[in-house]
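This report goes through the strand pairing and the aromatic contacts of one protein model. Please keep the sequence and the structure open while reading.

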Amino acid sequence: MGMRLVLKPLFEAELTPDFAEVIKGKLLGKEVKTGEKVVVELIGEPLHFKVLLAEPSPLKVDKSTKIEFSTGDLDVINIEFGKEVDDVITFGKGFVILLGNEVVVLSKEGQKVYSEEFKSLKGIRVTEDLVVVIHGSGVKIIRP
């Protein structure tokens with residue numbers, strides 16, 4: 001997963017696809033965190049955005065940062081892993097994604113909080129706030 005930023009505009013306007021490049025130019029070099037609000041000045045007007053996802057958080061915006069916009073009341077976040085997703089297991093604090101022998105734990109906002117590849121992954125069990133990875137002759141307990 002590369003560096004990405006999902007912003008929700010806190011104003012009414014039709015946003016064109018190239019508008020993300022304009023906003024990226026205004027945010028270059030700035031550090032942003034998931035959940036905070038950012039202000040971008042454009043033509044003398046302040047535009048307010050909520051940061052729905054900064055991957056990683058905090059994120060220093062550079063030319064390679066991918067910026068997406070979420071509009072309306074429905075927030076949709078797309079996450080690409082670069083390999084097939086075998087399973088998704090939900091738990092109280094987020095999601096566990098299985099990619100072959102790799103276990104990725106994401107927060108509810110889609111922020112990666114843990115990732116590890118196991119030689120002999122046998123299974124995953126979750127509770128409200130714990131992830132247990134069964135591998136080889138042992139287990140690994142993860143408290144995100």
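## Model

The structure is a predicted model. Residue numbers start from 1 along the chain as its sequence is written.

## The four-stranded sheet

Four strands make up an open sheet in the order E3-E4-E1-E6, and their pairing is mixed. Strand E3 (37-42) and strand E6 (66-69) are the edge strands, each pairing on one side only. Averaged over the sheet and with direction ignored, neighbouring strands are turned by 35° against each other.

E3 and E4 run antiparallel and are joined by six bridges. Glu41 has Pro46 in E4 as its bridge partner. Helix H1 packs on this sheet, where it touches E1, E3, E4 and E6. The direction of H1 makes about 100° with that of E3.

## Aromatic pairs

Three aromatic pairs are present in the structure. One of them joins Phe11 and Phe49 in an edge-to-face arrangement, with 5.3 Å centre to centre and 85° between the planes. Phe11 lies in the loop between strand E1 (4-9) and helix H1 (19-27), whereas Phe49 belongs to strand E4 (residues 45-55), so this pair ties together parts that are 38 residues apart in sequence.

How does the exposure of the two rings' residues compare with the cut-offs? Buried means under 20% relative accessible area. Phe49 has a relative accessible area of 0% and is therefore buried. Phe11, at 22% relative accessibility, counts as partly exposed.

As a general point, strands of a sheet pair through backbone hydrogen bonds, either parallel or antiparallel. Strand E11 (residues 121-126) and strand E12 (residues 131-135) run antiparallel, with five bridges joining them. These two strands form a hairpin with four residues between them. Within this pairing, Leu121 stands opposite His135 in E12.

E12 is also joined by five bridges to strand E13 (residues 138-142), and these strands too run antiparallel. What is the bridge partner of His135 in E13? That partner is Gly138.

Methods: Predicted model: local features only at pLDDT ≥ 70, side-chain atom pairs only at ≥ 80, totals over all residues. Heavy atoms only, no water. Phe/Tyr/Trp six-rings, centres within 6.5 Å; stacked < 30°, edge-to-face > 60°. Buried < 20%, exposed > 50% of the residue type's maximum accessible area, 1.4 Å probe, protein only. Pairing = 2+ DSSP bridges. Axes fitted to C-alpha atoms, helices over the stretch in contact; angles between N-to-C directions. Contact = heavy atoms within 4.5 Å.
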